[in-house]
Amino acid sequence: MRRVRQLYNAVFAKLDPHDLAYIHNLLDKPAQEGFFRMAVCDQSHCLDTAYSVLSAASSLGLTDSILRHLQQAALLHDVGKSVGSVGVVARVVYVLVETWSSLQIFRYFGLDLQLRILAEHPKNGAQILSSIGVDPVVVKWVRDHHQPKDRYSRLLAVADSRN
Ligand SMILES: [Fe+2]
Ligand SMILES: [Fe+2]
């Protein structure tokens, strides 16, 4: 079901005024530019991930500062996908394969560069965010969001997997 929703989002995603106000409240100008560099489907997915973090966090007793940083990380966690254009086919293949060990096979289909972008997006995202002055803890959680190393990056990973 999640896969179907991801595919639907890739085609029909749209942000409404409430979403835009939420983004403007949480992100400073450079971070907003990072957010809006993403494809619209990724913007929508990151927004849903941030809303999931927000609703899950209410019962966890997080400080305001941690919760704010976690929502920022959720909004920006897939910014590394914006380093190039990634089509729907590559996204579907990536979600199905969930590893890039078989990248050589996809070279034949011309998908290898897009799959590399997807495979390296946590590291690239962290570099982008670091270069625009995003808080180091947000950068760290973005870098770790597919291999969570602490309670907070795990929370982000769970929210990510639900959207
Ligand atoms: Fe990701
Ligand atoms: Fe994600």
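Predicted model: local features only at pLDDT ≥ 70, side-chain atom pairs only at ≥ 80, totals over all residues.
Biologist: At roughly what angle do the axes of helix α4 and helix α11 cross?

Modeller: Residues are numbered from 1 along each chain as its sequence is written, and chains are lettered from A and ligands numbered from 1 in the order in which they are written. Axes are lines fitted to C-alpha atoms, for helices over the stretch in contact, with angles from 0 to 180 degrees between N-to-C directions. The axes of α4 (residues 40–57) and α11 (residues 151–161) come within 8 Å, and they cross at roughly 125°.

Biologist: Is the crossing of α4 and α11 right-handed or left-handed?

Modeller: Angles under 35 degrees count as roughly parallel, over 145 as roughly antiparallel, 65 to 115 as roughly perpendicular and the rest as oblique, and α4 and α11 are therefore oblique to each other. A crossing is left-handed if the near helix is turned anticlockwise from the far one by less than a right angle, and right-handed if clockwise. The crossing of these two helices, α4 and α11, is right-handed.

Biologist: Which residues of α11 make the contact with α4?

Modeller: Two residues are in contact if their C-beta atoms, placed from the backbone, lie within 7 Å. On the α4 side the residues are Thr-49, Ser-52, Val-53 and Ala-56, and on the α11 side they are Leu-155, Leu-156, Ala-159 and Asp-160.

Biologist: How many nonpolar, polar and charged residues has the contact of α4 with α11?

Modeller: Ala, Val, Leu, Ile, Met, Phe, Trp, Tyr, Cys and Pro count as nonpolar, Asp, Glu, Lys and Arg as charged, and the others, Gly among them, as polar. Sorted in this way, the contact of α4 with α11 has five nonpolar, two polar and one charged.

Biologist: How many helices and strands has the protein chain?

Modeller: Helices (H or I, at least four residues) and strands (E, at least two) are DSSP runs, numbered from the N terminus. The chain contains 11 helices and zero strands.

Biologist: In which helix of the protein chain is confidence lowest?

Modeller: The chain averages a pLDDT of 87, and 85% of the residues score at least 70. Confidence is highest in helix α10 (residues 136–143), at 98, whereas the lowest mean, 61, belongs to helix α1.

Biologist: Which residues in α10 meet α5?

Modeller: The axes of α5 and α10 come within 9 Å and cross at roughly 50°, and the two helices are therefore oblique to each other. From α5, the residues His-69, Gln-72, Ala-73 and Leu-76 meet those of α10, namely Val-137, Val-138, Trp-141 and Val-142.

Biologist: Is Gly-34 buried or exposed?

Modeller: Gly-34 is placed in helix α3. A residue is buried if 20 or more other C-beta atoms, placed from the backbone, lie within 10 Å of its own, exposed if 12 or fewer, and partly exposed in between. Gly-34 has 20 such atoms within 10 Å and is therefore buried.

Biologist: How far apart in space are His-145 and Val-158, C-alpha to C-alpha?

Modeller: His-145 lies in the loop between α10 and α11 and counts as buried, because it has 26 C-beta neighbours inside 10 Å. His-145 and Val-158 are 13 residues apart in sequence, and their C-alpha to C-alpha separation in space is 9.1 Å.

Definitions and conventions:
pLDDT = per-residue confidence, 0-100.
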